[in-house]
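Hi there,

Here is the structure I promised to pass on to you. Have a look at it first, and then read my notes below.

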Amino acid sequence: ATAPLVIEGCIMMRKCHLGTCPVGVATQNVNLRKKFTGEPQHIVNYFYFIANEVRELMASMGFTKLDDMIGRVDLIEPEAAIEHWKAKGLDLSNIIKKVDALSQFAVRCVTEQDHGIEGVLDQKMIELAQVAFDTQEPIEIHLPIRNTDRTVGAMLGGEISKRFGGAGLPLGTIKCFFRGVAGQSFGAFNVTGVTLNLKGAANDYVCKGMSGGRVVIQPPTESTFIAEENIIIGNTVLYGATGGTALFRGMGGERFAVRNSGARAVVEGLGDHGCEYMTGGTVVVLGPTGRNFGAGMSGGMAFVLDEAGDFASQCNTAMVLLEKVESDEDVALLRELVQEHFEFTGSAVANRLLVDWEESLTKFVKVMPTEYKRVLAEIKEKQEKLANG
């Protein structure tokens with residue numbers, strides 16, 4: 001989509017993550033957005049030009065329909081670059097071989113693709129949730145799960161959104177309990193009213209695009225390993241999430257909360273690049289982090305438990321400040337999330353911190369984006385002026 005983006009006015013400044021786009025494409029700055037001059041018709045015209053050029057090329061080869069071109073590999077002419085020394089010895093004959101018309105292999109799409117969604121776990125969840133759809137009374141769903149069950153919760157969330165819109169259902173209306181190892185994207189696009197509680201572990205992209213509700217992942221009750229020393233979720237968790245709460249009793253992989261813009265989360269340790277490009281929401285890390293924490297982080301905030309005292313060396317401070325947790329608002333928010341984490345997961349780390357909360361506070365570091373802090377200060381100043389007349 002680079003070409004259509006340029007058509008709309010992008011000049012490829014590569015400043016998207018900074019929010020300072022000079023032509024108003026990738027920014028929330030009101031003054032910069034005034035410079036955006038793109039119109040939908042510009043893209044329409046662009047694709048008309050492409051279509052006309054395609055027609056010209058087809059006409060030069062004697063074709064009037066795209067269907068007649070399918071499978072005509074005899075018309076492919078290798079360019080001079082194929083004589084490059086790196087390409088010597090390559091045999092492309094099987095790739096550009098013309099298929100016999102009587103062959104069992106079709107040269108074009110002749111059957112609809114089977115996406116295999118008829119038997120996915122969400123279908124069972126939607127079936128069991130019908131009573132909640134009709135009455136909005138709280139229900140519980142108990143199901144096993146395995147790593148071939150991918151994007152669990154997304155279809156259920158879609159069904160809720162279709163019926164009830166963006167507001168979803170009252171908090172905690174549908175509570176789902178799973179045991180096992182979840183596949184990719186567990187809790188993706190979760191919505192308000194749904195709680196997904198997993199005892200086991202999950203792969204990458206947990207809570208991708210989550211907009212509400214709650215996701216809780218913890219080790220099985222009978223497990224003997226120390227939760228805070230073991231990885232329980234994969235990489236790129238909370239990618240693009242806009243709301244909801246995620247609680248993980250255990251460590252996460254790399255790029256935790258990347259591009260998170262509104263969700264709240266608690267995790268007990270991270271790999272590299274935590275909170276990368278984050279624009280909103282709140283993340284609490286009750287353990288060590290990998291390197292490059294906070295790279296490109298322009299919004300939201302994070303609280304990191306720095307018991308070893310080395311977090312500053314792991315954090316990318318190009319766009320963030322490291323502060324003590326001192327304000328009443330920050331202390332209340334942090335305690336609320338740690339308390340919620342303990343209540344839903346039974347976390348030993350959270351319990352230890354809550355037992356001596358005053359001492360625990362001194363070990364937390366607040367990660368605050370520089371520009372975000374400035375904007376919040378300006379908003380607060382304007383509100384105070386309005387309040388004082």
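Where is the place of Thr362? Thr362 sits in the loop between α10 (357-361) and β10 (364-369); helices (H or I, at least four residues) and strands (E, at least two) are DSSP runs, numbered from the N terminus. Before going on, please note that this is a predicted model, where local features need pLDDT of at least 70, side-chain atom pairs count only at pLDDT 80 or more, and totals for chains, interfaces and linings use all residues. Residues are numbered from 1 along each chain as its sequence is written, and side-chain values use heavy atoms, with hydrogens and water left out.

Thr362 counts as exposed because its relative accessibility is 59%. The cut-offs are under 20% relative accessible area for buried, over 50% for exposed and in between for partly exposed (1.4 Å probe, protein chains only). A polar atom of the Thr362 side chain lies 2.5 Å from the backbone oxygen of Glu359. From C-alpha to C-alpha, Thr362 is 22 Å from Arg291, and the two are 71 residues apart in sequence.

Next, the strands. Five of the seven residues of β6 (residues 261-267) are buried, so this strand is mostly covered. Strand β6 runs parallel to β5 (residues 243-248), with three bridges joining them, and Ala265 is the bridge partner of Ala246. Strand β6 also runs parallel to β7 (residues 279-285), with five bridges; here Val266 has Val284 as its bridge partner. Two strands pair if DSSP finds at least two bridges between them.

Finally, Ile96 lies in the loop between α3 (40-61) and α4 (121-128). Ile96 counts as partly exposed because its relative accessibility is 38%.

Enjoy exploring!

Terms used: Polar contact = N/O pair within 3.5 Å; in protein donor to acceptor, adjacent residues only side chain to side chain.
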